[in-house]
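These are my notebook entries on a single structure.

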Amino acid sequence: MASSTVARAPSAGQKLYRGRTLASAFGLLVVSFAALVLMVSYLIENPRGQRLDQRAMEAVYARRDALDQLLSVLGYLSIGTMAIAMVVLMTMAVLRQRFAAAFAAVIVVAGANITTQVLKHAVLDRPDHGYGWHVNSLPSGHTTAAISLVIAALLVAPAALRGLVTMLGSAAVVLTGVSTVVAGWHRPSDVVAALAVGLLWGAGAVFVLALRRSGPPTGGFFASLGWGLIGAVAAGAVLLFIGVRPYGGWDGVGPAAGVMVIIGIAVALVVAVFDRISSVFAR
């Protein structure tokens with residue numbers, strides 16, 4: 001006797017959602033890759049770009065005591081800390097039977113961080129045009145670690161917690177990225193390039209997951225962006241409270257504010273975009 005259970009084909013609505021998710025994810029892949037290429041071609045290889053990037057890094061500084069606090073925060077971003085964070089995320093996902101998302105989160109974190117190290121040490125080279133040290137530092141490893149963990153968290157986060165993850169994640173990435181610039185470890189372009197690497201892997205994960213299933217997005221983009229901006233502003237306030245200051249005193253307020261605003265907006269935008277595109281899997 002033939003089985004009475006018949007597998008239902010995807011509905012027209014499901015196909016529409018899947019198509020939109022696949023198109024959005026592919027678009028993010030292209031945009032992220034193009035952003036990396038543009039940053040390398042202008043901010044690394046071009047003398048004017050190098051000068052601009054170096055001046056941006058030198059626009060902000062911190063007193064010795066404030067710098068010690070920032071360095072202690074950066075010290076927490078180790079392989080061990082990332083492993084603990086991933087175990088927590090995976091446990092939450094498995095308990096909610098989000099096995100595919102859990103696996104994708106692991107791939108994103110591993111892939112993004114390996115990509116950053118390969119690009120930094122084996123692929124990219126910084127010509128010596130006389131602006132700062134000529135050893136390549138793009139992308140930032142610390143920022144890659146932070147943004148990849150936030151993206152992993154959004155892949156497995158339920159709908160009810162996505163706003164909180166977006167806000168806290170944006171704050172953590174801004175704190176990490178700006179701290180590396182203030183410490184003199186990285187230029188602002190290194191931070192933004194790390195965001196592009198994380199988004200590249202996150203978009204790839206969404207594309208693969210959408211081949212299996214997809215649904216309507218939850219929430220709205222501007223709500224996500226609002227949460228991200230709140231987190232970025234909160235991180236900026238913490239940095240100012242700790243003691244991050246313009247290098248040139250009052251005359252340097254404009255350039256220093258510009259650096260922090262650019263990093264803050266870039267982080268909030270990346271996290272909000274990924275929150276929106278990955279919310280199709282939230283439940």
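**Entry 1: Thr166**

I located Thr166 in helix H7, which covers residues 162-182. I noted that the model is a predicted one. Is Thr166 buried or exposed? I found a relative accessibility of 0% for Thr166, so I recorded this residue as buried, the cut-off for buried being under 20%. I then listed the contacts of Thr166, setting aside neighbours within four places in sequence: they are Leu154, Ser224, Trp227, Gly228, Val271 and Asp275.

**Entry 2: Helix H7**

I checked the length of H7 next. H7 has 21 residues and spans 30 Å from its first C-alpha to its last, close to the 30 Å expected at 1.5 Å a residue. How many residues of H7 are buried? I found 16 of the 21 to be buried, so H7 is largely enclosed by the rest of the structure. After H7 comes Gly184, which I recorded with a positive phi near 80°.

**Entry 3: H7 with H10**

I recalled that a pair of packed helices is described by the angle and the distance between their axes. For H7 and helix H10 (residues 253-278), the axes come within 9 Å and cross at roughly 145°. I noted the crossing of H7 and H10 as right-handed. On the H7 side, the residues that meet H10 are Arg162, Thr166, Ser170, Val173, Val174, Val178 and Val181. By class, I recorded 9 nonpolar, 4 polar and 2 charged residues in the contact of H7 with H10.

**Entry 4: H7 with H3**

I turned to helix H3 (residues 64-75), whose axis comes within 10 Å of that of H7 and crosses it at roughly 130°. I therefore recorded H3 as oblique to H7. The H3 and H7 crossing is left-handed. Leu67, Leu70 and Leu74 of H3 make the contact with Thr176, Ser179, Thr180 and Val182 of H7. I classed the residues of this contact as 4 nonpolar, 3 polar and no charged.

**Entry 5: Two loops**

Which peptide bond is cis? I found it from Leu138 to Pro139, with omega near 0°. Pro139 belongs to the loop between helix H5 (99-123) and helix H6 (141-156).

I also looked up Gln97, in the loop between helix H4 (79-95) and H5. Gln97 is not a glycine, yet its phi is positive, about 60°. Its relative accessibility is 56%, so I recorded Gln97 as exposed.

Definitions and conventions: Residues numbered from 1 in each chain as written. Predicted model: local features only at pLDDT ≥ 70, side-chain atom pairs only at ≥ 80, totals over all residues. Heavy atoms only, no water. Helix = DSSP H or I, 4+ residues; strand = E, 2+ residues; numbered from the N terminus. Buried < 20%, exposed > 50% of the residue type's maximum accessible area, 1.4 Å probe, protein only. Contact = heavy atoms within 4.5 Å. Axes fitted to C-alpha atoms, helices over the stretch in contact; angles between N-to-C directions. Left-handed = near helix turned anticlockwise from the far one by under 90°. Nonpolar A, V, L, I, M, F, W, Y, C, P; charged D, E, K, R; others polar. Expected span 1.5 Å × (residues − 1). Parallel < 35°, antiparallel > 145°, perpendicular 65-115°, else oblique.
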